[in-house]
Amino acid sequence: MSFIMPKYQAPDFSREPFASAPDARWEAAGMDGVAPEGYHSTSMYPEYFKIDGRWVLAEESRMDASVVLRQDGRLDVVENRNLKKGDRVILGRTEKGEEGVYMHCSGFRDEEHGLDDQFIFRQGRSRETAFARDYDKLFDLLRHERDHGNILWVMGPAFAFDADARAAMQALVENGYAHGLLAGNALATHDLEGALLHTALGQDIYTQRSQPNGHYNHLDVINKVRRSGSIPNFIRDYNIDNGIIYSCVKQNVPIVLAGSIRDDGPLPEVVGDVYEAQTNMRELVKKCTTVICLATMLHTIAAGNMTPSFRVTAEGEIRPLYLYAVDADEFVVNKLLDRGSLSATTIVANVQDFITLVARGLGVMK
């Protein structure tokens with residue numbers, strides 16, 4: 001089976017009600033970080049705005065942001081906190097063209113199921129759901145994206161607790177199946193702990209047996225990394241040769257580690273300012289064409305909020321942006337659907353089993 005990119009069906013703006021719709025209205029922001037009353041808030045879908053009689057797509061969208069009309073006619077999607085005084089912010093609370101704003105929810109047809117709307121999703125994704133077809137589609141997608149797209153992984157620390165999962169993810173990174181990583185202090189800390197001491201949270205990553213004074217291990221690793229000054233320096237200083245973080249550094253895969261109020265240490269690269277971390281995360285999201293979120297509810301929702309359902313390619317083509325959420329808890333994956341990520345595919349599975357299955361399905365691990 002080979003991957004076939006769904007074709008985007010753009011709206012026909014020569015027809016009514018689009019042809020006679022008014023231009024979108026705008027109002028200048030009166031101060032930094034504050035949108036004018038009646039601002040239009042964006043979604044993950046393609047959204048068009050009528051500017052000087054022409055419908056224009058806001059190409060870099062995300063949920064819950066404002067649209068700024070630049071002097072050259074470009075539309076930028078900007079978080080309200082990043083608005084500047086004088087920015088021309090699009091107004092409008094309806095999305096069917098009445099106010100020069102149109103949200104296009106049916107751009108990608110699901111021909112396999114004969115649906116008019118690609119974004120009608122399955123309810124009840126649970127442990128009883130058969131996911132074999134989802135895995136087959138994912139393997140085809142990842143092979144395509146390795147060479148033609150950008151794969152972003154969003155990872156919780158559970159991977160670092162298992163030797164096989166660490167090896168599987170390392171193999172995926174080293175074989176080109178990762179172009180970015182979003183995580184927190186815990187994933188990086190325990191992965192580096194596994195690399196140096198063969199433990200995670202003080203338990204042996206091979207036998208899962210607790211080690212004497214093992215509760216010190218992750219703190220000792222943080223201390224060593226901070227003494228080295230950076231993760232790459234620590235890898236060099238201690239001759240680290242395995243793990244997720246090691247492989248990302250080796251392959252120059254960009255990593256954003258977002259801080260938490262719960263963090264120990266943290267590692268030097270962890271971004272403690274939550275809004276700076278969000279900005280850094282979005283820089284990687286803007287480049288991706290597939291996002292795979294694994295065993296981290298809060299990070300998954302945060303990444304989902306930044307991720308549109310589409311991407312405009314360098315050639316000007318509009319293609320789907322794929323988002324997968326994998327967790328052992330049905331509540332977590334269904335919460336992602338509930339918050340509006342209708343284009344997400346969810347899989348209920350132990351993430352260690354998931355990642356080793358993916359690595360074997362792609363032929364990068366025996």
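Author: Start with proline 17, which sits in the segment before strand S1 (26–28). This is a predicted model. The peptide bond leading from glutamate 16 into proline 17 is cis, and its omega is near 10°. Now look for another cis bond. Glycine 265 and proline 266 are joined by one, with omega about -5°.

Next, take the backbone angle phi. Asparagine 213 is not a glycine, yet its phi is positive, about 60°. Find it in the loop that links strand S11 (203–204) to helix H4 (217–228). Is asparagine 213 buried or exposed? Its relative accessible area is 52%, and the cut-off for exposed is over 50%, so asparagine 213 counts as exposed.

Asparagine 252 also has a positive phi, near 60°, and is likewise a residue other than glycine. Its loop runs between helix H6 (244–250) and strand S12. With a relative accessible area of 68%, asparagine 252 is exposed.

Glycine 92 lies in the loop from strand S6 (88–90) to strand S7 (101–103). Its relative accessibility is 1%, and buried means under 20%, so glycine 92 is buried. What does glycine 92 contact, once neighbours within four places in sequence are left aside? The list is Arg25, Gly38, Tyr39, His40 and Glu99. Serine 41 is 51 residues away from glycine 92 in sequence. In space, their C-alpha atoms are 8.4 Å apart.

Go back along the chain to aspartate 87. This residue is in the loop between strand S5 (75–78) and strand S6. Aspartate 87 has 12% relative accessibility, so it too falls under the 20% limit and counts as buried. Leave aside its neighbours within four places in sequence. Aspartate 87 then contacts Glu27, Ala28, Ala29, Val68 and Arg70.

Leucine 192 belongs to helix H3 (residues 185–197). At 0% relative accessibility, leucine 192 is buried. Beyond residues up to four places away in sequence, its partners are Val221, Val225, Ile231, Phe234, Ile245 and Leu267. Take isoleucine 231 from that list. Leucine 192 and isoleucine 231 are separated by 39 residues in sequence, but the distance from C-alpha to C-alpha is 8.9 Å.

What about the nonpolar side chains? In soluble globular proteins, such side chains tend to be buried together. Here the largest nonpolar core has 60 residues. Which members touch the most others? They are Trp153, Leu172, Leu294, Phe354 and Ile355. Helix H2 (residues 163–174) is the element that gives the most to this core, with 6 residues.

Look at leucine 294 from the largest core in detail. Set aside neighbours within four places in sequence. Leucine 294 then contacts Trp153, Val154, Met155, Gly156 and Phe159, among others. Its contacts also include Thr300, Val326, Val351, Phe354 and Ile355.

Finally, step back to the whole chain. The chain has 10 helices and 17 strands. Its radius of gyration is 22 Å, close to the 21 Å that the globule rule gives for 366 residues, so the chain is as compact as a globular protein of that length. Along the principal axes, the C-alpha atoms fill a box of roughly 75 × 50 × 35 Å. Buried residues make up 52% of the chain. Consider contacts between residues at least 6 apart in sequence. Of these, 70% join residues at least 24 apart.

What of the outside? The accessible surface is about 17,100 Å², and carbon and sulfur atoms account for 48% of it. The chain carries 39 positive and 51 negative charges. The mean positions of the positive and negative charges lie 2 Å apart.

Terms used
Residues numbered from 1 in each chain as written. Predicted model: local features only at pLDDT ≥ 70, side-chain atom pairs only at ≥ 80, totals over all residues. Heavy atoms only, no water. Core = buried A, V, L, I, M, F, W, Y, C linked by side-chain atoms within 4.5 Å. Buried < 20%, exposed > 50% of the residue type's maximum accessible area, 1.4 Å probe, protein only. Helix = DSSP H or I, 4+ residues; strand = E, 2+ residues; numbered from the N terminus. Contact = heavy atoms within 4.5 Å. Rg over C-alpha atoms; globule rule 2.2 N^0.38 Å. Areas by Shrake-Rupley, 256 points an atom, 1.4 Å probe, with all protein chains shown as cover. Lys, Arg positive; Asp, Glu negative; His and termini not counted. Charge placed at Lys NZ, Arg CZ, Asp CG, Glu CD.
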